[in-house]
Amino acid sequence: MDTIDLKYIQKCRFVVASGIFDGYDIPHQPSNISHRSQKLFCFLMVVDEVSLDFVQKNASVKIDSAGGKWVGIWRLIRVHRLPFDEPRRNGKIPKILTHRLFPEAWYSIWIDGKMELIVDPLLILERYLWRGKNTFAVAAHKHHRSIYEEGDAIKRRKRYARPLVDLQMKLYYYEGMEPWSPKKKMPSDVPEGAVLIREHTTMTDLFSCLWFNEVNLFTPRDQISFGYVVHRLGGALKFFMFPNCEYNSLFILHGHTREHSSKVEWAKTTDEIVKKGLKESRGGLGLWTPYPADLSSVEVPAVKRTSPAG
């Protein structure tokens, strides 16, 4: 981060965070924000160089006396030297590792760059954390409960290379990740990952780091790995998964400025990825590392497609 931004975030205890990478979105201004929340919360929009240039050309950016850049209520936090060559994967850093980027924060609400917040953030913390004494809250997915349903939808919608999604699901199934059933304690293994509500406790920070490890090692589709990490923790993480209908009442969803352009998302075979040079150089390396077991005979559970939209 720039020095002026590092200095600014030192005072941030309550954070609403978002991010834009590779110019896929423009900042959407929150509404219904109380005067108390305007004083209490830092609204931090993490952007890379490409996105900052895009925002400056398509929105009104003001510079304060200290040199900080603002779009409305959002403070733009420019980041340099990104670790991955895939924008989706870079975007997972502020999303999942919010406590690492903003270490002074006690509470954070993450919203994807395509979202417009329409509820006061203090009310969100009260409803989803404080009222039930929770430290982590996330909405259940609208269509899917099993990670294998989510993986099938990712392949159909070409959101990442099909053979690599298959491999990740095979790994998880081999390591004991069963499809969701009513016997499980949580309503779904798949979250609506565009919104994360957290108190930054030791356990939620640990979960976030373990979750990011999976995103770093395998595909950047974090909705697949969320349920797996919860499974491996064996109930150590206590969190509130609220109904999807409530999620839809908190935000307005906007479209991206353009479709994601990563060529690896369209790859149908491993040979195609290798021959066309689509393999990521600094992410997803676990997908190319020999696994200490033969996965060729592993068959992931069959999926019944319950919704055309999913």
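A pocket, as the term is used here, is an open set of grid points where a 1.4 Å probe fits, with protein on both sides within 12 Å along at least five of seven lines. In this predicted model, the second largest pocket holds about 360 Å³ of space, while the largest pocket has a volume of about 1200 Å³.

**Largest pocket**

- The lining of the largest pocket comprises 43 residues, and those nearest its centre are Asp112, Lys114, Ala194, Arg221 and His256.
- By residue class, this lining consists of 14 nonpolar, 15 polar and 14 charged residues.
- At least two lining residues come from each of strand E1 (14-20), helix H4 (87-96), helix H7 (147-156), strand E9 (191-199), helix H10 (222-233), helix H11 (244-247) and strand E11 (251-253).
- Helix H4 provides the largest share of the lining of the largest pocket, namely five residues.

**Second largest pocket**

- The second largest pocket, with about 360 Å³ of space, is lined by 16 residues, of which Lys185, Met186, Val230, Gly235 and Phe239 are the closest to its centre.
- Helix H10 gives the most to this lining, with three residues.
- The lining of the second largest pocket divides into seven nonpolar, four polar and five charged residues.

**Annotated domain**

- An unreviewed UniProt entry lists residues 1-256 as "domain: TOD1/MUCI70 glycosyltransferase-like".

**Sheet**

- Strands of a sheet pair through backbone hydrogen bonds, in either a parallel or an antiparallel manner.
- Here, nine strands make up an open sheet with mixed pairing, in the order E3-E4-E5-E2-E1-E6-E9-E8-E10.
- Strand E3 (62-63) and strand E10 (240-242) are at the edges and have a single partner strand each, so one side of each lacks a neighbour in the sheet.
- Strand E6 (residues 107-111) and E9 run antiparallel and are joined by five bridges.
- Within the sheet, Ile111 is opposite Val195 of E9.

**Lys263**

- Lys263 is located in the loop between E11 and helix H12 (270-275).
- With a relative accessible area of 65%, Lys263 is classed as exposed, because the cut-off for that class is over 50%.
- The C-alpha atom of Lys263 is separated by 8.8 Å from that of Ala161, although the two residues are 102 residues apart along the chain.

Terms used
Residues numbered from 1 in each chain as written. Predicted model: local features only at pLDDT ≥ 70, side-chain atom pairs only at ≥ 80, totals over all residues. Heavy atoms only, no water. 1 Å grid on protein atoms, 1.4 Å probe; cavity = no way out; pocket = protein on both sides within 12 Å on 5 of 7 lines; lining within 4 Å. Points joined across faces, edges and corners; volume = space filled by probe spheres on them. Helix = DSSP H or I, 4+ residues; strand = E, 2+ residues; numbered from the N terminus. Nonpolar A, V, L, I, M, F, W, Y, C, P; charged D, E, K, R; others polar. Buried < 20%, exposed > 50% of the residue type's maximum accessible area, 1.4 Å probe, protein only. UniProt positions renumbered as here; feature names shortened; annotations may be inferred. Pairing = 2+ DSSP bridges.
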